[in-house]
Amino acid sequence: MTTTDAVGERTVPAWRGGFGRLWTAAVVSRFGDSLRTAAMPLLAASVTDDPVLIASVTACGFLPWLLFGLLGGAVADRVDQRRAMWAVDLVRGGLMAAFAVAVALGHAGIALLLVLAFALTTLQTLFDNAATALLPALVPAESLAGANARLMTGQQLAGGLLAAPLVPALLLAGAAVPYAADAATYVLAALLIASLRTGAPERPPRPAGSTLRREMAEGLAVLRGDRHLRWLCTATTLCNVGMGALIATLVVHVTEGLHAGNAGYAATITAYAVGGVAGGFLARRIAERTGRVRAVFLAGTVQTGCLVLMGAVPVLAASIAAMAVFGFMGTVWNVQQTTLMQERAPEGMLGRIAAAFRTLAVAGAPLGALLGGGAAAGWGPHTPALLAAALFALAVASLSPLIN
């Protein structure tokens, strides 16, 4: 297990040996997912005018992480991750194909949307943890940061810049088209992952009588016992509370607080996506100069300043610039966070550690959304950004034990 924060000689992952296919599968799948997530709120609003039910579709996308996230990590550490990933994608592709048929036939009621959102995220708890655990088998340890950066950059390009603008055109071709396209991307991703030439992972033998519950507890215990991962998880959870407050109210901040309308909101979201892509290109170089933990500390500090700028300067140009830099540093943070987990996890435990980390971090987002909504209602549309800034400042402060 790696015990230092040093970043070694600059290396980049080779596209051969399986990483290129894994990258393509991840990007294709994110493209399809972004088509679905952009189209589904519109579909929900067309079948019900109850805002609670519409919001429940999004809530169902978070709930399985809280219920099954730890279980997904424990299963990912027991099975062949490659097989688990392509099997999950085939199931998700079948679900989306069936849903596309239901939409085309006019049978997609709100209950079906809720069930689908819950089922897809439940399957995602296994897929995401298996993917995190599989990557170190495809690239050498010194290339992990570059591989994570390329994966996140490609996914941001596909999801943030390419997919969403296509949704209106696809909907003109038919309400079911975005969902059919998502189904096709799942199947293509499954075929790419199934073609990877990686054997079953070598793991230390499980103790006699070991159960999934005990293995989930072991993942939490290792996360708690590793000083770097513990504080990093604490900081990430605080940031996710802030992100929940910001994202849930960003449309109110831009359209009502800045009076910038839908065009201003689109420009702000696009700036965030562009910044995220740029951050993916430079995340590895920043870590080479500062070290991984200091790169996270730097990213959080700059993001705090961006949030203060958004909340204190009610000008559209300031929010666009702030969101671009915020997205840039967000990718820097995410690349280093994922790489640190992969480097520090004991053999055979990466799936459980990633699951524990994600479950705790995801729990902050819905809480933040509620806090952000309350802040906007009580003190105005700019206050959620300042609330998020305070939470990010706490996150940065929680990392100080790793810097000193």
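How much space lies in the largest cavity? About 30 Å³. Here a cavity is a set of points on a 1 Å grid over the protein atoms alone where a 1.4 Å probe fits but cannot get out; points are joined across faces, edges and corners, and the volume is the space filled by probe spheres set on them. Searching the whole structure turns up 1 cavity of 30 Å³ or more.

Before going on, please keep in mind that this is a predicted model, where local features need pLDDT of at least 70, side-chain atom pairs count only at pLDDT 80 or more, and totals for chains, interfaces and linings use all residues. Numbering runs from 1 along each chain as its sequence is written, and side-chain values use heavy atoms, with hydrogens and water left out.

Back to the cavity: its lining consists of His228, Leu232, Val293, Val296, Leu340, Leu399 and Leu402, counting residues with an atom within 4 Å of a point. Helix H8 (227-257) and helix H10 (292-312) are the elements that give two or more residues to this lining; helices are DSSP runs of H or I with at least four residues, numbered from the N terminus. By class, the lining has 6 nonpolar residues, 1 polar and no charged, where Ala, Val, Leu, Ile, Met, Phe, Trp, Tyr, Cys and Pro count as nonpolar, Asp, Glu, Lys and Arg as charged, and the others, Gly among them, as polar.

Let's turn to the aromatic rings. The whole structure holds 4 aromatic pairs, meaning rings of Phe, Tyr and Trp (its six-membered ring) with centres within 6.5 Å; planes under 30 degrees apart are stacked, over 60 edge-to-face and the rest tilted. One of them, Phe99 with Tyr179, is edge-to-face, at 5.0 Å centre to centre and 90 degrees between the planes. Phe99 belongs to helix H3 and Tyr179 to helix H6, so this pair ties together parts 80 residues apart in sequence. Phe99 and Tyr179 are buried, that is, under 20% relative accessible area with a 1.4 Å probe and protein chains only.

Phe326 and Phe392 make a tilted pair, 5.5 Å centre to centre with 55 degrees between the planes. Together with Tyr272, Phe326 and Phe392 form one aromatic cluster.

Finally, consider helix H4, residues 110-138. Its 29 residues should span 42 Å at 1.5 Å a residue, and the end C-alpha atoms are 41 Å apart, which agrees; the expected span is 1.5 Å times one less than the number of residues. H4 also bends by about 30 degrees at Gln124, the angle between axes fitted to the seven residues ending there and the seven starting there.

Notes:
1 Å grid on protein atoms, 1.4 Å probe; cavity = no way out; pocket = protein on both sides within 12 Å on 5 of 7 lines; lining within 4 Å. Buried < 20%, exposed > 50% of the residue type's maximum accessible area, 1.4 Å probe, protein only.
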